[in-house]
Amino acid sequence: MPVSGIVLSCLEGKADEVAEKAALLDGIEVHGVLPDSQIIAVVEADTVNGEVALVEQLHEIEGVVSVRLACHYFEDT
Amino acid sequence: MGVTRRDFLKASAAATAFAAVGASALNPLKAGIAEAADDGIKWDKAPCRYCGVGCSVLVGVKGGKIVATKGDPAGPVNRGLNCVKGYFLSKALYGKDRLTTPLIRKNGKMVPASWDEALDLIASKFKDSIAKNGPNSVAMYGSGQWTVLEGYTAVKLFKGGIGTNNVDPNARLCMASAVGAFMNTFGSDEPMGCYDDLDLGDTYILWGANMAEAHPVLYSRMIDNRLKHPNVKIIDLGTRWTRTSQQADEYIPFKPHGDLAAINAIIHVILRDKLYDQAFIDKNTVFKRGTENAPYGLKDKESFDDVAKPLTFEQYKELMKPLTPEWAEKICGIPAKKLVELAHIYGDKTRKINSLWTMGVNQHVRGTWVNNLLYNLHLLTGKIGRPGENPLSLTGQPSACGTAREVGTFGHRLPADMVVMNPKHREITEKIWGIPAGRISPKPGPHATEMFRAVDRGDIKCIWIQCTNPYQSLPNLNRYRKAGDKPGTYAKKNDAFIVVSDIYPTRSTEMADVILPSASWVEKEGVFGNTERRTQHWFKMVEPPGQAKNDTWQLIELAKRLGHGGLFPYKHFDKEMFEEYRQFTIGTGKDLAPYETYYKVRGLRWPVINGKETRWRYAEGHDPKVTKGVGVEFYKAPNKKASIWFRPYEPPAESPDMEYPLWLCTGRLLEHWHTATMTGRVPELKRAMPEAVIEIHPEDAKKLGIKSRDQVRVSSRRGSIVMTAELNGRGKPEKGSTFVAFFDETKMINELCIDAFCPISKEPDFKKCAIKIQKV
């Protein structure tokens, strides 16, 4: 199963709300909400495309400005 | 229960993300767990394989396979973070249907062959054709995804060996208009500014560019700038509401082709209200008028010469007088008062203005003109060549700049801004290549559209296509292939001998007589050049699968069989060939560094002079070629003066009418890159984004009785396909317009596109043609 570390940038004041919604998605672990409206999360899914689909769902959460990929491990895919 | 490998990986993923935003101290996990995940993984840097942004990626290799990728924290472009396309780096090389052996068509079927058999066949076909029909009967169609040396090899073999200029890249389809305007405005291709302007400016005006999806890393830099500096303003002008519009401070819709009128009206107000910088204009510019009532390229072999006539500033002002905001409003739909407001933003001396654009401006039947007009805005106001305020033409492929433009893989170009039509340029090139004087033909080779028209007519008998997918990406595809054929179907229309080198089966390999399996990205050593003049190198990290070989090896094997092997005498191929290529650049203001310099750095922006890169070209204090005391100096332009062109409004090649009442615009999605030959490999991805859909404005759909997800037949004068209607998708076209992404090989929307092009750049207009939609 692939694993990725991502950074969500949110509109000012929206990060806590976005983090709560993101954490409800199966496959998303929120690891931290930073003071500058950024969220650190880990994505895991059965496949790479499952990860991409999760990222797309994150994009759709109101208040999300961007989702960027910090790293991607896929050694057992 | 102990800590598993999976726990290590997740800890490492989180730690890397914390580190990427400089917040490692806030990571609640224990130190040491994350590091364990990297056990046995060897990391090395490479530029990303996808778009023209040129993000730096760390590639992790274990057991001869890539097992991980990271945004490179040392990469100045992306600073440790990649966009969603970074996910596909893992899959681009490891799809199950990767091509691993040469294939030759025998009795209508592709059968495996040895490299010798395939190359001997190619050589015999090329030799026969050259002997019977001359060197212009063979051609090479390349790519902005070629590495620098792949492009250089092709140009040297065809122009310096075979003696034909029949080489053109797919970059003709995406940024030739940008090249045309850089050359006729500044006398040299590629931008004066760089990505630092995204951090340093305060006003960003986007002309038809959906950066949030097509260039997300750069868009994020602008957004980050706005988060830190509340006075930063992003204005999105477009024909479709997009994810970019969602985050912009202002979205200003305009009618397709309306940019040509809108920018002229903004210039009109800059002149009328004296918002220009007279001293800058006097010192740095001249005024010109080109040839008007230009053709649209719809006839084969159409020729056009843009003859420049000098103008005075006063004459230019007179010509611009009728192009008022009120006149433009009728054409572009932007209210006159908004155009006045935009002119005053461009002319505001307290604001640092940047214009950004890409395919919306370039893929335009007057693409070079619109590029010229955007430069006019900056030249008239003096907002150019200074940190934080510049025009920036964005690119879509990883080495459209480094290879297609700098090496000169276009039919008319040679390295470092030189052209085949210029005897001095041919002489310089022949000398560096060590070939007899007169070997390089003075006749420009055909541009991409004309090249495939020549194949269709039978004028070109043999064509080799590398690293690109023209039988999906060309406009008016039905001219070149049978209509309605399904993927995998043999759809060839004529007797041309077609060779295709690629890494996966595509809609182009199915047209081929010979398919050659290529090495890709980190399966070979390479150099790419990105949008901001950054030259980036990477080493080979893994072996290509099966018998796959890199494209340079393939070309040189043909060269040997055609008797041109002497053109490539290198013992240490990459280094020696790059050093030869670098000779073209020295002293030109496009200077590249010695090859080994690029081993360690995350790229350098040329000109690299005395070991230092140049962030702002033509700017004193940054570009050493600029004369001391002059500030800005366009030293590559004749008399060191940039050209301000009068470019009036002329209509599109085709507009909606009673029969075909809607506009069709094509473009890109974040998750699929171009024709999706790499991003579309994985079945699960196709579930996430199953097929291309046509976005329709709800009011237009209501009139036609169409609901979201209905099947509709979309037709133009050139073709017809059935697809799904989308009324509430990610993008929302304006009333009267529709949008389709061109990634889907089962719904080839380019069958409907008109093959009209800009008469100067020869870049086709994929953004505007007339269609009708019927519910199925």
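Hi everyone, and thanks for coming. Please keep in mind throughout that we are looking at a predicted model.

Let's start with chain A. It has two helices and four strands. Reading from the N terminus, the order of the elements is β-α-β-β-α-β. How does the radius of gyration of chain A sit beside that of a compact globule? For 77 residues, a compact globule would come out near 11 Å, and chain A has 12 Å, so the two agree. If you look along the principal axes, the C-alpha trace of chain A spans about 40 × 20 × 15 Å. Of its 77 residues, 56% count as buried. As for contacts within chain A, take those between residues at least 6 apart in sequence: 62% of them join residues at least 24 apart.

Now, the contact with chain B. Chain A brings 33 residues to it, and chain B brings 38 residues. Which elements of chain A supply at least two residues each to the side that touches chain B? They are strand E1 (3–10), strand E2 (28–33), strand E3 (38–44), helix H2 (48–60) and strand E4 (64–73). E4(A) gives the largest share of that side, with nine residues. Sorted by class, the side of chain A that touches chain B holds 17 nonpolar residues, 11 polar ones and five charged ones.

Stay with E4(A) for a moment, and please find strand E3 of chain B, residues 65–71. These two strands pair in the antiparallel sense, over three bridges.

On to the cores. The largest nonpolar core has 252 residues. Which of its residues touch the most other members? From chain A they are Ile6(A), Leu8(A) and Ile39(A), and from chain B they are Ala262(B), Ile266(B) and Ile463(B). Helix H1 of chain B, residues 5–20, gives the most to this core, contributing 10 residues.

Let me pick out Ile463(B). Leaving aside residues up to four places away in sequence, Ile463(B) touches Ala139(B), Tyr141(B), Val455(B), Ala496(B) and Ile498(B).

If you take one picture away, let it be E4(A): it gives the largest share of chain A's side of the contact, and it pairs with E3(B). Thanks, and I'm happy to take questions!

Note on methods:
Residues numbered from 1 in each chain as written. Chains lettered and ligands numbered in written order. Predicted model: local features only at pLDDT ≥ 70, side-chain atom pairs only at ≥ 80, totals over all residues. Contact = placed C-beta atoms within 7 Å. Nonpolar A, V, L, I, M, F, W, Y, C, P; charged D, E, K, R; others polar. Pairing = 2+ DSSP bridges. Core = buried A, V, L, I, M, F, W, Y, C linked by C-beta atoms within 7 Å. Buried ≥ 20, exposed ≤ 12 C-beta atoms within 10 Å, placed from the backbone. Rg over C-alpha atoms; globule rule 2.2 N^0.38 Å.
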